[in-house]
Amino acid sequence: MIGAGGVELEARGESARFLAEVLDGLGAPRKALSPKWLYDARGSALYELICQQPEYYPTRTELALLDLHADEIAEAVGPDALVFEYGAGSGRKTVRLLAALRRPAAYLPVDISPDALAQTAQALSRRFPRLVVRPVVADFTVGVALPDLDLPCARRLAFFPGSTIGNFDPPEAVSLLRRMAREAGPGGALLVGVDLPKDEGTLLRAYDDAHGVTAAFDLNLLARINRELAGDFMLSRFRHRAAWDARLSRIEMHLESHEAQLVHVAGAPFAFRAGETIHTESSYKWEPRAFDALAAIAGWRLDRTWTDERAWFSVRLYGR
Ligand code: AVJ
């Protein structure tokens, strides 16, 4: 377990990386920031609110699949898996999975947000008192060393719900899936949630909800830069935009500057043209076959899949 000091050290390294990436991303000819920075404590809370919006179908659809097929999933995974999860978030889906598995050996949630992670670990320990829970505060996009628990377990299972895999460009997705394969080891398994292509209207509404929660989530990135990196973004001078790129099969989130303006971060000036955007997130929607091919490159072979009636979302189990 990482002690409190370790968490602080981790947090300090994290803010240095945040500053470096923001200076880099805003200095680029096409301004872009990694979506991982959306998840400070406020961003994580806003994401939970997004999941409750009627337009945001992925969470609801995936939860229903996990509920409906819990027994089949548990049987396919096996009884005493060691479960690790990159980007654990609120752990609501994990509760479903752990409850279904007969006697899970341990749960290792990995998350970049220390606050969200501590809450999740505590809630799961309370819900499953006999389960070994070892939270790891880390940026899973750059690689994590999971603690060596030396527990007997049938199988190591990478649980990657929510279509978080969709945030990665295909080459990054392959390397992430490959790292999961290495961490799961021989005989390991991957249970992954994959959001599927669907009509553009449904997608745009899901990423630009009527209550403006997704807009607030996106704009919070600028507020976070102001808070943590001495930025002077005026939030009212930017707006959230969602766009569907059919060729790349991805939703893009952008923060668009209303007007020409100059913004500073940690003393460094950044000029915006009117209508210029910061690309803050991509969310790829994968055809099932294409995703299987991607997973195969990373060393995973398809075992089973579960999909809703509308074919909006798919939960896929791979082995190796
Ligand atoms: C957490 C990556 C699954 O891409 O759907 C939700 C994040 N962004 N609304 C997604 C998100 C805007 C979400 N994931």
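Is serine 163 buried or exposed, and how many other C-beta atoms lie within 10 Å? Serine 163 is buried, with 22 other C-beta atoms within 10 Å. Here a residue is called buried if 20 or more other C-beta atoms lie within 10 Å of its own, exposed if 12 or fewer, and partly exposed in between, with C-beta atoms placed from the backbone. The legends below describe a predicted model, in which local features need pLDDT of at least 70, side-chain atom pairs count only at pLDDT 80 or more, and totals for chains, interfaces and linings use all residues. Residues are numbered from 1 along each chain as its sequence is written.

**Figure 1. The whole chain.** Let us start with the overall picture. The protein chain contains 10 helices and 13 strands; helices (H or I, at least four residues) and strands (E, at least two) are DSSP runs numbered from the N terminus. Its radius of gyration is 20 Å, close to the 20 Å that the globule rule gives for 320 residues, so the chain is as compact as a globular protein of that length. That radius is taken over C-alpha atoms, and the globule rule is 2.2 Å times the number of residues to the power 0.38. The C-alpha trace spans about 60 × 50 × 35 Å along its principal axes. Of the 320 residues, 38% count as buried. Among contacts with a separation of 6 or more, 70% join residues 24 or more positions apart; two residues are in contact if their C-beta atoms, placed from the backbone, lie within 7 Å.

**Figure 2. Confidence along the chain and in the complex.** The mean pLDDT of the protein chain is 93, and 96% of its residues reach 70 or more; pLDDT is the predictor's confidence in each residue, from 0 to 100. Please read residues 1–5 with care: pLDDT stays under 50 there, and the model has 4 contacts beyond four places in sequence for them. For the complex, the predictor gives an ipTM of 0.98 and a pTM of 0.93.

**Figure 3. The residues around the ligand.** Which residues surround the ligand? They are Ile50, Pro58, Gly162, Ser163, Thr164, Gly166, Asn167, Tyr207, Thr214, Glu281 and Ser283.

**Figure 4. Serine 163 in its loop.** Serine 163, one of the residues around the ligand, is found in the loop between strand E5 (156–160) and H7. Beyond its neighbours within four places in sequence, serine 163 contacts Pro58, Gly193, Val194 and Asp195. Serine 163 and glycine 193 are 30 residues apart in sequence, yet their C-alpha atoms are 4.9 Å apart in space.

**Figure 5. Two nonpolar cores.** In soluble globular proteins, nonpolar side chains tend to be buried together. A nonpolar core here is a set of buried Ala, Val, Leu, Ile, Met, Phe, Trp, Tyr and Cys residues joined through C-beta atoms within 7 Å. The largest such core has 49 residues, and those with the most contacts inside it are Val83, Leu157, Ala158, Leu190 and Leu191. Helix H7 (residues 170–184) gives the most to this core, with 6 residues. Another core lies apart from it and has 23 residues, including Leu46, Ile112, Leu221 and Ile225. Back in the largest core, valine 83 touches Leu97, Leu98, Pro104, Tyr107, Leu157 and Phe159, not counting residues up to four places away in sequence.

**Figure 6. Phenylalanine 233 and alanine 230 in one loop.** Alanine 230 is found in the loop between helix H9 (213–229) and strand E7 (238–245), and phenylalanine 233 also lies between H9 and E7. Phenylalanine 233 counts as buried, with 23 C-beta neighbours inside 10 Å, whereas alanine 230 is exposed, with 12. Alanine 230 has a positive phi of about 50° although it is not a glycine. Leaving aside neighbours within four places in sequence, phenylalanine 233 contacts Leu222, Ile225, Asn226 and Val263.

**Figure 7. Aspartate 308 between two strands.** Aspartate 308 sits in the loop between strand E12 (301–307) and strand E13 (313–319). With 17 other C-beta atoms within 10 Å, aspartate 308 is partly exposed. Beyond four places in sequence, its contacts are Thr61, Ala64, Leu65 and Phe313.

Methods. Near = placed C-beta within 6 Å.
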